Amino acid sequence: MPNFVASSINKPKFPFVIHDINFLWSAKSKFDDIVLVKIENEEFFITIKKRKNDFVLKGEKITRPAKVGLLQKALSVFKDEFCKDILSDTIAIKKNRLVKQTPLLVDEECLLNFLDTIKFKKIFIEIGFGSGRHLLYQARKNEDTLVIGIEVYKPCIEQVAKLAMVENLNNILLLNSDARIIFSLIKTGSIDKVFMHFPVPWEKAEHRRVISENFAKETKRILKQNGKFELRSDDRDYIDFSIKHFLNLPHSNLEIQKDINLQISSKYEDRWKKQQKNIYDMFFTNLEKNVFEDIKFDMDFDGKYDILAIKNSFKNITIKKESYFVHLENCYEKSDDEILIKLSLGAFYKPEHCYIFISSKKCEYFIKKPLATKENFMAHMALKEFLKKCHIL
């Protein structure tokens, strides 16, 4: 991430505007300061950390803008206007990176908005698409189908996005996310096919596997009637493990095949075949027309809070429950009656990092609201309960 180190800083009087960059306000904590910046309708923080003999300034990870160039621009202006004796500077961005958001790269909120207005006849999802061979093949073969790729490894996403743009494939959306989070947000009975080819088997850590009892239930929920989930793996134990979870679902059909050849194979499959390993396929078909009611979770706060009580009693603590948590990390003071709390919350396998802004008049998530998943909602409710001790009637 772009950053620089300066020996001294002359902080401006906020708000401060130069060119099209708005430095709106700052807030301070025991560990660092944050400065709110607005450019092109995007808001984000830059952080200022005081060390023994210098200051480190960089972008703040939680609010980092989609266009990294905006962060680069803000840091460059702040450096030139308010800092002296620059000791190091790594603001320059590598030109070979996909620094701008392309139409193919979306976040969770963009995906959900897109699905609400979708014009494609079918929707396919591939989990962990890697090099993208199979995903691109499905997009080429099914022009009337939206092919959604979910991948946790960001370089794969950027590479596949470039390949798709070269081929002018406009029926692809790519997300750097966790499939379990995405599935919990997708409408019931809206997906035609889900693919997962050669997932990491995690032999000694089953809890880290994507497939679980809850994943099987969510997969069935989002599939249309006669929709299919296709798992392909060289690991027999993973297949047996998955069969157990999907076989427990009602109104389901399972088909198991061994060593079948697909029209397209991944680099991993090519490797396993050279080693003469067996390849297993599990095909799950949802035979039921799902009638689950999609639940919308309210992620708002209510009432007023005692700012002074929160500031004086704030501690770095974690509230742990069986399937979710809340971690209060840091408290920033913007003014006498305005604070920000930095926290993480939600599911252990996919925590969300965010801020809440609390003033004498309101309490709300700031810049970005957590996704309205079940785990995030339960964590949100735990957070509200925790803040009740500072509630003003």
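Q: Let's begin with the overall layout. Which domains does the domain assignment give?

A: Happy to start there! The assignment gives domain 1 (3-89), domain 2 (105-286) and domain 3 (307-390). Keep in mind that you are looking at a predicted model.

Q: How do I read the way two domains meet? How many residues does the contact take from domain 2 and from domain 3?

A: Begin with the centres, then go to the residues that touch. The centres of domain 2 and domain 3, taken over C-alpha atoms, are 33 Å apart. Eight residues of domain 2 and six residues of domain 3 take part in the contact.

Q: What is the area buried between domain 2 and domain 3?

A: About 790 Å² is buried there, and carbon and sulfur atoms give 65% of that area. On the side of domain 2, Glu109, Arg180 and Ile181 lose the most area to domain 3; together they account for 52% of what that side buries.

Q: Which helices supply at least two residues each of the side of domain 2 that touches domain 3?

A: Look for helix H2 (108-116) and helix H5 (179-185). H5 gives the largest share of that side, with four residues. Sorted by class, the side of domain 2 that touches domain 3 has four charged, two polar and two nonpolar residues.

Q: With charged residues in view, how many salt bridges are counted between domain 2 and domain 3?

A: Here is the general idea: side chains of opposite charge can pair when their charged atoms come close. Between domain 2 and domain 3, however, the count is zero salt bridges.

Q: Then how many salt bridges does a search of the whole structure find?

A: That search finds 27. One to locate is Arg133 with Asp270, whose closest N and O atoms are 2.8 Å apart. This pair links distant parts of the chain, 137 residues apart: Arg133 lies in helix H3 (residues 133-141) and Asp270 in helix H8 (residues 267-274).

Q: Lastly, which residues does the UniProt annotation "binding site" cover?

A: The annotation, from an unreviewed UniProt entry, covers Glu126, Glu151 and Asp178. These residues span 53 residues in sequence, yet no two of their C-alpha atoms are more than 11.6 Å apart, so they gather at one spot. To find Glu126, look in strand S8 (residues 122-127).

Technical notes: Residues numbered from 1 in each chain as written. Predicted model: local features only at pLDDT ≥ 70, side-chain atom pairs only at ≥ 80, totals over all residues. Heavy atoms only, no water. Domains from an automatic or database assignment. Contact = heavy atoms within 4.5 Å. Buried area = accessible area lost by both parts, 1.4 Å probe. Salt bridge = Lys/Arg side-chain N within 4 Å of Asp/Glu carboxyl O. Nonpolar A, V, L, I, M, F, W, Y, C, P; charged D, E, K, R; others polar. UniProt positions renumbered as here; feature names shortened; annotations may be inferred.
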